[in-house]
Amino acid sequence: MAKLRYGMVGGGPGAFIGDAHRKAISLDGTAELVAGCFSRTPEKTKEQGEALGLDPERCYANYKEMAAAEQAREDGIDFVVIVTPNNTHYEIAKAFLESGIHVACDKPLVTTVEEAEELKKIADEKGLLFMVTYTYTGHVTMKYMRDLVKNGEIGTVRTVMAEYPQGWLYNENDWGGKQGEWRCDPAQSGRVNCLGDLGTHVENAVATVTGLKIKRVLAKMDVVVPGRKLDDNDQILVEYEGGATGINWTSQFAIGCDNSLRLRIYGSKGTLLWFQETPEEVTLIREDGIARTIKRGYGAVTPDAAKYGRLPSGHTEGWLEAMGNLYDSFGACVLAKKEDRFTLDLIDYPTIEEGVAGLKYVEACLKSSENGNVWVEV
Ligand SMILES: NC(=O)c1ccc[n+]([C@@H]2O[C@H](COP(=O)([O-])OP(=O)(O)OC[C@H]3O[C@@H](n4cnc5c(N)ncnc54)[C@H](O)[C@@H]3O)[C@@H](O)[C@H]2O)c1
């Protein structure tokens, strides 16, 4: 398979997720980093580019210069990865789409529904691919649960309890360093913090596994830790189309919780339980009440999910592999586009539609919370 070329915006020295994307993409060796604008500060981009062994000519002072220069090159990038704070995603993604370059952007897609829809329109008009990296949906076990629900193994989904508590921002005197400071700052994070950072993961995880579409929400979004300006604890009642219900909880001050995304899905014939910190297993309980633990790597997992596994059972896979799985499908689609053989059924990654859905969820929750916790249609 020909190697794809990609560029990155964000992911400079000391940044979190950019480095994880680079490592995840390198797992299967299908794409190579050749260009970047890793920081707003050109010296830092130069430093990061050198550390990654890039051609200095392809380490750009800003993303606009990068998009134009890469578009003009014969050997320009096939896709760009955007891993900057939320309020910059829109303008950066727009610049690359307008230069005819496929985009992978971290979540939340942008900060308003209007921006999200505009990016979708440009991508659609130009026939460009757009992935939103909801990392957790890349886990083999998430894909397996999606198959179980689709195949009717737990019957009709009746209610979903979903939560993603973290504890790293519990202390009023600790703003969480570089990563926490922009998340807690309305100028850089948008109108929400916790709900954009964690709540969109919850909304997307439930939608991916169950296929349910949210009809309306009733949200209580609170700012609890003294000094914070944006929400740090959100409790959302959800009603899905078709009548299923659910509760989504996210928090940043739940001491002892790290990345505790948890799903409990109750259907008419069974229950599914999943916890992202032990992502190698799914618990399935049927009407007999017996809890079965199904592990990735065994023959029980459906072939469509199992094909993403890289290691035999017992050699644990985790979050980086989940991110790598998103890029496996995205890369295959980019290559198919290049070779003029792309079809929609090749897509097995979160698309821009899911990014738009995340923003619609956020805006409905905000409206609900600001209006005294009332039901709001999504
Ligand atoms: N998928 C996930 O599970 C997941 C996890 C963490 C973060 N994220 C998302 O990833 C994004 C980045 O988060 P992070 O924690 O890595 O933040 P970070 O603060 O660690 O890194 C942001 C990087 O972007 C750079 N940057 C900022 N503006 C820029 C610009 N205009 N041009 C070029 N570089 C610029 C900064 O210098 C820094 O290197 C956010 O949107 C966040 O929500 C997703």
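Me: What should I know about the numbering and the model?
Reply: Residues count from 1 along each chain as its sequence is written. The model is predicted, so local features need pLDDT of at least 70 and side-chain atom pairs count only at pLDDT 80 or more, while totals for chains, interfaces and linings use all residues.

Me: Why are H6 and H9 called oblique to each other?
Reply: Helix H6 (residues 140–150) and helix H9 (residues 194–210) pack at about 50°, with axes 7 Å apart. Angles under 35 degrees count as roughly parallel, over 145 as roughly antiparallel, 65 to 115 as roughly perpendicular and the rest as oblique. H6 and H9 are therefore oblique.

Me: Which residues make that contact?
Reply: Met 142, Met 145, Arg 146 and Val 149 of H6 meet Thr 208, Val 209 and Thr 210 of H9; being in contact takes C-beta atoms, placed from the backbone, within 7 Å.

Me: What makes S13 and S14 edge strands?
Reply: Strands pair if DSSP finds at least two bridges between them. In the open sheet of nine strands, ordered S13-S12-S11-S10-S6-S9-S8-S7-S14, strand S13 (291–295) and strand S14 (375–377) each pair on one side only.

Me: How do you know that S12 pairs with S13?
Reply: Five bridges join strand S12 (residues 281–286) to S13, and the definition asks for at least two. The two run antiparallel.

Conventions
Axes are lines fitted to C-alpha atoms, for helices over the stretch in contact, and angles run from 0 to 180 degrees between N-to-C directions. Helices (H or I, at least four residues) and strands (E, at least two) are DSSP runs, numbered from the N terminus. Two residues are in contact if their C-beta atoms, placed from the backbone, lie within 7 Å.
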